[in-house]
Amino acid sequence: MAVIASAPGKVILFGEHAVVYGEPSLAGAIDKRVYVKAEENSDRKIRIISGDYSEIVEFSNLKPEGRFRYVKKAVELVFNKAN
């Protein structure tokens, strides 16, 4: 069974870092989305595809480095939380 999720893109017109200090910002959603599909497999590998780039990573060697380091870190956090 596959799970597919998506989220809208955003644009920040000003104040991106100001909100850290409690100052206002102007942001909004845009008509672009990011999609993620996850499905179980038996080969214990993760395939990450984005545009023209792809990478296959083994579960046992999931180091958050390189082009997809943010994706790998998110997967690592989920694995650690779910055991």
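Trainee: Where is the place of Lys 73?
Mentor: Lys 73 is in helix α1. Helices here are DSSP runs of H or I with at least four residues, strands are runs of E with at least two, and both are numbered from the N terminus. The model is predicted, so local features need pLDDT of at least 70 and side-chain atom pairs count only at pLDDT 80 or more, while totals for chains, interfaces and linings use all residues. Residues are numbered from 1 along each chain as its sequence is written, and side-chain values use heavy atoms, with hydrogens and water left out.

Trainee: How does Lys 73 count in terms of relative accessibility?
Mentor: Lys 73 counts as partly exposed because its relative accessibility is 37%. Buried means under 20% relative accessible area, exposed means over 50%, and partly exposed lies in between, using a 1.4 Å probe and protein chains only.

Trainee: Which side chain makes a polar contact with that of Lys 73?
Mentor: The side chain of Glu 76 does, at 2.9 Å. A polar contact is a pair of N or O atoms within 3.5 Å; within protein, one must be able to donate a hydrogen and the other to accept it, and residues adjacent in sequence count only if both atoms are side-chain atoms. Glu 76 also lies in α1.

Trainee: What else is Glu 76 in contact with, leaving aside its neighbours within four places in sequence?
Mentor: Glu 76 is in contact with Leu 62 and Pro 64. Contact means heavy atoms within 4.5 Å.

Trainee: Which residues of α1 are buried?
Mentor: Lys 72, Val 75 and Glu 76 are buried in α1. Seen down the axis of α1, the buried residues fall within an arc of 105°, so they line one face of the helix. The arc is that of the directions from the helix axis to the C-beta atoms.

Trainee: And which residues are exposed on the other side of α1?
Mentor: Tyr 70, Leu 77, Val 78, Lys 81 and Ala 82 are exposed there. Asn 80 is also found in α1, and Asn 80 counts as exposed because its relative accessibility is 54%.

Trainee: What do the buried residues of α1 pack against?
Mentor: They pack against β3 (45–50) and β4 (53–58).

Trainee: Let us return to Lys 72. Why does Lys 72 count as buried?
Mentor: Lys 72 counts as buried because its relative accessibility is 5%. The side chain of Lys 72 is joined to that of Glu 55 by a polar contact of 2.7 Å. Beyond its neighbours within four places in sequence, Lys 72 is in contact with several residues, including Ile 48, Val 57, Leu 62 and Pro 64.

Trainee: Which residues make up the largest nonpolar core?
Mentor: Its six residues are Ile 46, Ile 48, Val 57, Leu 62, Phe 68 and Val 75. A nonpolar core is a set of buried Ala, Val, Leu, Ile, Met, Phe, Trp, Tyr and Cys residues joined through side-chain atoms within 4.5 Å. Ile 46 stands opposite Val 57 in β4.

Trainee: In which sense do β3 and β4 pair?
Mentor: β3 and β4 pair in the antiparallel sense, over six bridges. Two strands pair if DSSP finds at least two bridges between them. The hairpin of β3 and β4 has two residues between the strands, and Gly 51 takes a positive phi near 60° in that hairpin.

Trainee: Which residue other than glycine has a positive phi near 55°?
Mentor: Arg 44 has that value. Most residues other than glycine have a negative phi. Arg 44 is found in the loop between β2 and β3, and Arg 44 counts as exposed because its relative accessibility is 55%.

Trainee: Turning to β2, what is the count of buried residues among its 14 residues?
Mentor: The count is zero, and β2 is hardly covered. β2 pairs with β1 in the antiparallel sense over twelve bridges. Leu 26 in β2 is the bridge partner of Phe 14.

Trainee: Where is Val 19 found?
Mentor: Val 19 is found in the loop between β1 (2–14) and β2 (26–39). Val 19 is partly exposed, with a relative accessible area of 43%. Not counting residues up to four places away in sequence, Val 19 touches Pro 24 and Ser 25.
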